[in-house]
Amino acid sequence: MASGNPKSVSVYSPAHPVPDAHRLFKERDAFALWFSLGMGLLTAQTGALMVPGLSLSHALAAIALGTVFGAGLLALAGVIGADTGLAAMSSLRATLGERGALLPTLVNVLQLLGWGSFEVIIMRDSFDALSQQYLGFSSPLVWALLAGGVATSVAVLGPLSFVRRFLAKWGIWLLFLAATWLSYNLLAHKNLPAYLPALWRQAGTDSMSFGTAIDLVVANALSWLPLISDYTRFGRSPARMFRGTVCGFGIASLWFYALGAAYALSAGAGAMLVSSLASAGSGLALLLILLGEIDNAFADIHSAAVSCGMLAKRCSVRHLSLGLGLLCVVMALGMPMARYQGFLVLIGSIFAPLFGVVLTDHFILRHRQPMRTELAARRWHGAALAAWLIGIVTYQLIYLCWPYVGASLPSLLISGLGCWVLGREVHVLPANPRSRI
């Protein structure tokens, strides 16, 4: 429960647990949010990056494995938010210490600004492709301002208003129908079923390793780890938040990764994916899919504001959402899409080992219970920080020396093991019955 006068503290305040009266998210809300965030053009574009470096069969296997691991880890991280009622970066204080949590918070703000700008880029390019084809009009600046403005407005409203009143009630059905219509038109446009046996037999060029492909999928899921608790903290049941997240994100990810890979291989031009999508189904499905991209940008901007609220405690989350949304638009005007893969790798190298430490501390060392007061008051938790550093070094060594192995999961496991070895003396408070799945 939030400390002090509850009326004086915003429900979105990152430093205070969400009061029980505002824990309104149900399993349907979690499913709708994470299905929306799992689908999208960036997900399809990542699937397109895997071919023809990998064969279609190997790409689909990498997608399946990466989605299982990624969605599972994401849902587990979401349980932390439902257990504590705290925002993602605020909950890190129990693991890293008051000062120790500031470093990943700063990195999280930067990576969310990057993701937010990427979402504005993909929406800008998609709207521009549609307007060129059907209106004979092109203005990337206008579309960037429009897309960024809508996403920022939704972020200012906050998840309680947007997810429960729009997305979970009827927005999810629009997205599902759009995804189905888009899939049908993409497959029919290239007569993909007729070519599928030949595509299945086609060997990859080996320009991408199987491990790297898994890493791309896992890194995409891991990029959501530092913000999922910003939304599951509004759920009363950790079990329902877990099920809604793993099902929603897992189904959408499998769908759009596979769709992107299959279509890029059949078209032979993964870089032109947005233009191909614009011509499929008279552009209607792509237009509806852009609703999902607005959801992605909303989540990036809102969570960047929540994390930034840990650093600028006197600023409200709504005001920060407005300022950071405008910054995402400015960044989108000068950021090349070609650096997307490198950006995913950089994110994975930081947050995969971090959440190896966080998940080990919360589920294994503390058994999902609060840390003792004298330990929670420490500014730095040296054991956890050391384990995180070990994980980052592990990730970089594997990525540089054995990239075909895949670095995300090994670094997460190594950092988690380091946390368990170095931090087993942590003691916890008596069990809280509500914190059990």
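Trainee: How many helices and how many strands does the secondary structure of the chain come to? After that, please look closely at how helix H1 packs against helix H12.

Mentor: This is a predicted model, in which local features need pLDDT of at least 70 and side-chain atom pairs count only at pLDDT 80 or more, while totals for chains, interfaces and linings use all residues. Residues are numbered from 1 along each chain as its sequence is written, and side-chain values use heavy atoms, with hydrogens and water left out.

The chain has 19 helices and 0 strands (DSSP runs numbered from the N terminus: H or I of at least four residues for helices, E of at least two for strands). Of its 437 residues, 57% are buried (under 20% relative accessible area, 1.4 Å probe, protein chains only).

Now the pair you asked about. H1 covers residues 27-38 and H12 covers residues 238-267; they pack at about 25 degrees, with axes 7 Å apart (lines fitted to C-alpha atoms over the stretch in contact, angles from 0 to 180 degrees between N-to-C directions). That angle makes H1 roughly parallel to H12 (under 35 degrees). H1 passes H12 in a right-handed crossing (the near helix is turned clockwise from the far one by less than a right angle).

On the H1 side, the residues in contact (heavy atoms within 4.5 Å) are Glu27, Ala30, Phe31, Trp34, Phe35, Leu37 and Gly38. Their partners in H12 include Arg240, Met241, Arg243, Phe249, Ile251 and Trp255. By class, this contact has 11 nonpolar, 5 polar and 3 charged residues (nonpolar: Ala, Val, Leu, Ile, Met, Phe, Trp, Tyr, Cys, Pro; charged: Asp, Glu, Lys, Arg; polar: the others, Gly among them).

For another pair, take H6 (residues 102-134) and H15 (residues 317-332), which pack at about 60 degrees with axes 8 Å apart. H6 and H15 are therefore oblique to each other, and their crossing is right-handed. Residues of H6 in this contact include Leu113, Val120, Ile121 and Arg124, and H15 brings Leu324, Leu327, Cys328, Met331 and Ala332. The contact divides into 8 nonpolar, 3 polar and 1 charged.

Finally, helix H2 (residues 41-49) has 8 of its 9 residues buried, so it is largely enclosed by the rest of the structure. Among those buried are Leu41, Leu42, Gln45 and Ala48. Across the chain, 88% of contacts between residues at least 6 apart in sequence join residues at least 24 apart.

Methods. Parallel < 35°, antiparallel > 145°, perpendicular 65-115°, else oblique. Buried < 20%, exposed > 50% of the residue type's maximum accessible area, 1.4 Å probe, protein only.
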